[in-house]
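Reader: Hi! Could you walk me through this one?
Author: Happy to; have a look first, and then ask away.

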Amino acid sequence: MFWKKKRLQETDPNEKSPKTVKDLIAKLKDYPDFTHFEHRGKYLNCWISFFQSLVNIEFVHRDVFPFLYRDDVRNLNDIQERLPIEKIIRTRDISVIQTKLLEGYIVIQIKKSQAECLVVPSIRVKGRQVEPPEVETSIIGPKESFVESVDTNINLVRKRIPIPQLAMQEFRVGKVSNTRVSLLYLKGIANMENVNTVRQRIEDLEVTSLLDCNMLSQLISDNNNSPFPQFIDTERPDRTAASIYEGKIAVFVDGSPSALILPTTIVEFFGAFDDYFLTWHLASTYRLLRLFAVAISVLAASLYVAVLTYHYQLVPKDLLGTLITSRSSVPFDPIMEALVLEGMIEFLREAGARLPTKVGQTLGVTGGIVIGTASVQAGLTSNVLLIIIAVSALAAFTTPNYRMGTTIRFIRFPFILSAEILGLLGIILCFTFLVCHLLKLTSLGRPYIEPVYPLRVTDWKDAYFRLPYNIQTTRPMFLRPGEAARANRKRNIEKRGKKWTDIDE
Amino acid sequence: MQKKIREASQVSPIIAFFITLSIQIGIGVLSFQRTVSRHSGQDAWVVMLIAGLSTLAVMWMILRLLDNEQAYGQPDLLSIHRRLFGKWIGGMLNMAALSFVTIFGVVTLRSYIEILQVWVFPQLSVFGISIIFCLMVWYAVLGGFRVVAGICTLSTLYMLPLILNGGFELQQAHFSNLLPLLEHSPQSLMQSYMQAIHSYLGFELVLFFHPFIKRPEAARKWYYFGLLTALYIYLMVLILALTYFSQAELQTEIWPTLTFWKAIHFPLLEHFDIIGIMVFLWVFLPSISMSAWAISRGIKQTFPIIRQKYALIFVLVLFVILSAMIRDGARVEWINNLYTMIGFYFIYAYIPFLLIYQLIHKKMKQKQTKGTG
């Protein structure tokens, strides 16, 4: 075919890569941040090359160069022995030298043309400080969030799980970017089948570059054609640690300020980590509230359209008067009304997300009020619908996970359209379609809507509601953990003694 | 010998409860109060009870049949036919059984569309709406038996509010309507019995999906629990209808449950019937998706060349055509009666016959081997 001609001319990456160190340095010499010079000391002459922008220059001046002036350092061997730095590599392999040089190592040669090099690590780690979480904020509880450096992130998790069983595997993903991807899990508790599945999926990836863990999440998900996120992304180290303790797997991508937690079920997207810091009554109520909010958010506008288009006999007599007055000046069908308002809300949201914070806030308040009231006064929409749409927009934002929140807002539109076509029947058909889709979905091969189907009553203790901690003595069944029990129940009772013996005793 | 069923497509034993329950409670629950009490009046509940208990006996026979078959291969009806009657007669019987399931699916689908036409959208085209339903069933059945079983499980969940709102009926119930007890002759009770069976039919699909249940010994009690729960729900709904409506009124209501739903008021909802009918989609969905699944799998078993996903499309097209051919309410009634008739003989005559034949077949085989050996 015509269009395949040019695309298929793949270049062999090895063809243009330098064969010797001399070639490599000749190639890099022109870059302004590349330093290549000859060190002439009393006892030792050598060539040193590194990227100024990648190495920790202070460290190099303070801790590496002084050693080159010592009188007992005469050749590469001496340097390697005397330099108090671990992981010094002595190699002739050009590919190793190239990658290390670009990671922030310094390369030391005796002669410019010599192939044997000493590669000394001096990586500069510069990034954001650990700051309070911005997406998953919490009122009480830890105020740390992940940053863009994978080492810092793993440090944040490891200090919460100080046992040698916390296993870590590292991969390099991306043909060009070579991004570090780390996988953390508890040995003996995480299901090895899950670990192997994740590992295989990551190893099988064919991508050029990998920049964020949300990208990775889509690349390794079970079903690419689903609007539902199949793995949770979180920026909270405490949540990540708790999930690892449960037997889940955490995946970190270098350069991404969040971790992926897998496998997950759909209800976990509606649980905030705050739920574990409140008493169980409050936590359960808020979880149910969030689920109720999701139902409102998806169904409210479409119910309005369906009832006003087809099933007005469902409206009670007392409410009918209010509806008629509110809609009497509106010249459009309910569907047009709903779409206009929904569109406005979506514009506002999108504009608010893209604009700088200060401008965004002003826009949110004034835009919302002005457009809302004005559109009612202009007779474009009715008051009642304005309230319904505002409530449903508000309800969508109660979802703690941002990606799930966007999905919820998105699936509302098919519902509105089908309500216009078939009324309530359209809504229920759309709902059935959605449920069938959810029934099919899996996360790492585990069922997505787990505590409902397959029905596992023991997992209900931490799904739609959160029961007290003394009941949560087993890990979730759907993870098939290596060790099911969290705490020995018998010993627990023995230690605390009988709770209730008699009155006043 | 057929391929063994993968564990990934099997479901746990407790799901057997939900499948039996949700298949049994189908479209009949809206109208059976009228048909059952037509001949037996206030004694209809006795008939319902006896018919329900008889399903337990039939279930025992079915499970016995399937357990005996376990030794020879896959325990389902189609394999039994093939093994006992050979390739040709067995194949014919398979086709007959599949046609029966087809009628089951079509009856369910068409009756629901009939209700939609009468109560919600009078101008709804049968052809169009059945295409939409079948597309949905297609999407569900593509996911395999697990998704169909999932629909059955969720259906039980969504059914609960529909059944529980019978509580509203209690306020206006006149329990004296049930008196005098056992006034009707055995003949009229027998006539009601046929109608009662119509509501209970559907559980014989166990014959098709049983191999997909993990640990069949553990599933046995769940089958019986499912039947008993269905019996309980039917009995409760029937007694409520008998006490809520007078006999004369009951006979004029085509769908007594819907008439009753109309009387329920909520502050934000004038009456409940339309919402109820919509949620009722989930009560009939298990029956139709399970029958579509069973037929498409049956076609694959009989003609191994055809893949199930292609057979499924054929089955659904057949559903659409057949339901479009049933034009009006009278024909819906007619096909319902036909279906009850076939179902009656299927569960009370054919299944016992099959069980006895299986035993004779086994004895004959043993004699043969003894004779030759």
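Predicted model: local features only at pLDDT ≥ 70, side-chain atom pairs only at ≥ 80, totals over all residues.

Reader: Okay! How many residues does the contact take from chain B and from chain A?
Author: Chain B gives 37 residues and chain A gives 25 residues, with contact meaning heavy atoms within 4.5 Å.

Reader: And what area is buried between chain B and chain A?
Author: About 2700 Å², and carbon and sulfur atoms give 80% of that. Buried area is the accessible area (1.4 Å probe) that two parts lose on being put together, summed over both. On the chain B side, B:F121, B:Y139 and B:E270 supply 23% of the area that chain B buries against chain A, more than any other three residues.

Reader: How many salt bridges are there over all chains?
Author: A search of the whole structure finds 38. One of them pairs A:D233 with A:R403, whose closest N and O atoms are 3.0 Å apart. A:D233 sits in strand 8 (residues 232–234) of chain A and A:R403 in helix 16 (residues 402–440) of chain A, so this pair ties together parts that are 170 residues apart in sequence. Helices (H or I, at least four residues) and strands (E, at least two) are DSSP runs, numbered from the N terminus.

Reader: New topic: how do helix 11 and helix 13 of chain A cross?
Author: The axes of helix 11 (residues 280–309) and helix 13 (residues 334–354) of chain A come within 9 Å and cross at roughly 160°. Axes are lines fitted to C-alpha atoms, for helices over the stretch in contact, and angles run from 0 to 180 degrees between N-to-C directions. That makes helix 11 of chain A roughly antiparallel to helix 13 of chain A; angles under 35 degrees count as roughly parallel, over 145 as roughly antiparallel, 65 to 115 as roughly perpendicular and the rest as oblique.

Reader: Which residues make the contact?
Author: Among them are A:Y304 and A:L308 of helix 11 of chain A, and A:I335 and A:E342 of helix 13 of chain A.

Reader: At what angle do helix 13 and helix 15 of chain A pack?
Author: Helix 13 of chain A and helix 15 (residues 383–396) of chain A pack at about 40°, with axes 10 Å apart. That makes helix 13 of chain A oblique to helix 15 of chain A. In this pair, A:E337, A:A338, A:L341, A:E342 and A:I345 of helix 13 of chain A meet A:L385, A:L386, A:I389, A:S392 and A:A393 of helix 15 of chain A.

Reader: Last one: where is the peptide bond cis?
Author: One cis peptide bond joins A:Y453 and A:P454, with omega about -5°. A:P454 is in the loop between strand 12 (446–447) and helix 17 (489–496) of chain A. In chain B, the bond from B:L179 to B:P180 is cis too, with omega near -5°, and B:P180 lies in the loop between helix 7 (167–170) and helix 8 (186–200) of chain B.

Technical notes
Residues numbered from 1 in each chain as written. Chains lettered and ligands numbered in written order. Heavy atoms only, no water. Salt bridge = Lys/Arg side-chain N within 4 Å of Asp/Glu carboxyl O.
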